[in-house]
Amino acid sequence: MITAGIDSGAKNVKAVIMKDGRVVGKAMAPAGLDTKAAAENVYNEALSAARIAKKDVRKVFITGAGRKGCDFAQGEVSEVSAAAKGIRFIMPNVRTVIDIGAEEGKAVRLSQDGDVVDYAINEKCAAGAGTFVEAVARALETDVDKMGDLYDRSTKEIDMNAQCAVFAESELVSLIHSQTAKADIARAVLNAIGDRVVSMMRRVGVEKDVAATGGMALNRGFIRAVEKELNITISVPADPQYVGAIGAAVAAAE
Amino acid sequence: MSDGKKEFWRWPESRWTNLEIDWKKGKYITAGIDVGSVSTQGVIMVDGELYCYGNIRTGSNSPDSAINVFNKATEGTGLTLRDIHFTVGTGYGRVNVPFGNRAITEIACHARGANWMYGPAVRTVLDMGGQDCKAIKIDDKGKVVAFLMNDKCAAGTGRGMEVFADLLGVPIEDIGEMSLNVAEEPPPVSSTCVIFAKSEAATLLRAGWPKEKVLAAYCSAMAHRVLSLLEKVNVEREFAITGGIAKNQGVVKRLTKELGLEACEAKWHNKAYAERGFPFDTQIAGAIGAALFGKALAEKARR
């Protein structure tokens, strides 16, 4: 059976094509202004990557913040449920998953069978999400991908009030002016985001195994910060941004 | 940052002197310096009367900002630091006022200043500053009874408003009026976080909303945000607003409407000041409070 899953996120839209329990094609593109058009485009791209014709797809399910207003999907799944299904498909032993995207972060605890037991969402504040790292990377004149390396090179813990992304941006300017090392600033910011996520995780309760998904999972420094704070190990699947879309494709196959 | 581009967030700096006073005849000349995270104010009082003030943007370090505001306030008056008997520092950078004799929290100073500016009937002060927002309950002497503060999030602060001024290319002092220029009140911007609200506003603009409507939606969101803080303190009459956002009628009108309680008119309680048309600047409340504390402390020191 062939199904497709689309994850219409705040920043990027992702699509995967699944055939008989295997991911055979995927694509990702910025959400842009017209999220519906973006969803259709990535879907077509994923289809051609998989060399599969649209008519052969049994069902398309969609998830993500921008899932409303997309009319070619036959069903929709909540983001929490997509994160749960997606991660269990890849890592069947996971009981706690943190999914941190551009504008939203969530922590989900699962039962042994993979059902959602409890979850917490932060959608109100950029200080706990990927957008914050992007803003900081811009201010530090570096790439988002390099923030993890910077974290590793930090030698000093600095005091930073990074509870609000807007305030942090102004504080960054003074830190840069006072010759604070970029690495130390990067660590302070990633620790701050880590703190936010840890408090969400504590609210839902942490059970092993723990996994991270979403774009922020690619950021080693962030993962390290959370691991250290909770004294746990966090697994990150390959292509963590696609986990929500995989979850939607799994739901479509059920 | 500037590269020749107009900076819409830049609000005008100002200063003023009370020409009726000859400071040389003063017994107690005191200074209140309020070094905030976004703006810095300096007030000089001669025997407890407002003599002059300055209002500037805070620079990259607090000691310089304190000195700059003193110079701005005393411009053309001939007053120098040596003529000041007592200086009280307040605000975020209060401990970094190089010529300060004492540091007092901005909560106490805003309470005292609001009491002096708006009059002893004031029981609730809402100070909407550049980087935080406080609801302060006070008694008839201007003493703090209770307070609540949001200093963790830019939503509902002047900094948030500056971000919007830049995004929409509207001078910050025009935002309030413009936001009231809508036929129908739009729903507030749904995002709490300024960063998210910014992307939401950009989407609305692209969808063809006029700037006025987007500003109305943001001012309304800001009013909601502050309202949730006020709801926790049980607002009592009289209700006065201080700080920079007090100048934004777009926020103030929406806030008082939802609260169901009029805010005090921005007018001197001191009749003589009101009649003479002394400028009533809601941003100097903290510095006024500090200068008043300075007077009390100077008197105590001399006794």
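Buried area is the accessible area that two parts lose on being put together, summed over both, and the views below use this idea for a model that is predicted.

**View 1. The two domains of chain A.** The domain assignment divides chain A into domain 1, made up of residues 1-91 + 239-254, and domain 2, which covers residues 94-236.

**View 2. The interface between domain 1 and domain 2 of chain A.** About 1400 Å² is buried between domain 1 of chain A and domain 2 of chain A, and carbon and sulfur atoms give 75% of this area. On the side of domain 1 of chain A, the residues that lose the most area to domain 2 of chain A are V80(A), R88(A) and P240(A), which together account for 40% of what that side buries. In terms of residues in contact, 12 from domain 1 of chain A meet 27 from domain 2 of chain A.

**View 3. Polar contacts and a salt bridge across the interface.** Between domain 1 of chain A and domain 2 of chain A, five residue pairs are in polar contact, with both residues at pLDDT 80 or more. The rule finds one salt bridge across this interface, and K11(A) forms a salt bridge with E134(A), where the closest N and O atoms are 3.4 Å apart.

**View 4. The side of domain 1 of chain A that touches domain 2 of chain A.** Helix 2 of chain A, residues 79-90, gives the most to this side, with six residues. Sorted by class, this side has eight nonpolar residues, one polar residue and three charged residues.

Definitions and conventions: Residues numbered from 1 in each chain as written. Chains lettered and ligands numbered in written order. Predicted model: local features only at pLDDT ≥ 70, side-chain atom pairs only at ≥ 80, totals over all residues. Heavy atoms only, no water. Domains from an automatic or database assignment. Contact = heavy atoms within 4.5 Å. Buried area = accessible area lost by both parts, 1.4 Å probe. Salt bridge = Lys/Arg side-chain N within 4 Å of Asp/Glu carboxyl O. Polar contact = N/O pair within 3.5 Å; in protein donor to acceptor, adjacent residues only side chain to side chain. Helix = DSSP H or I, 4+ residues; strand = E, 2+ residues; numbered from the N terminus. Nonpolar A, V, L, I, M, F, W, Y, C, P; charged D, E, K, R; others polar.
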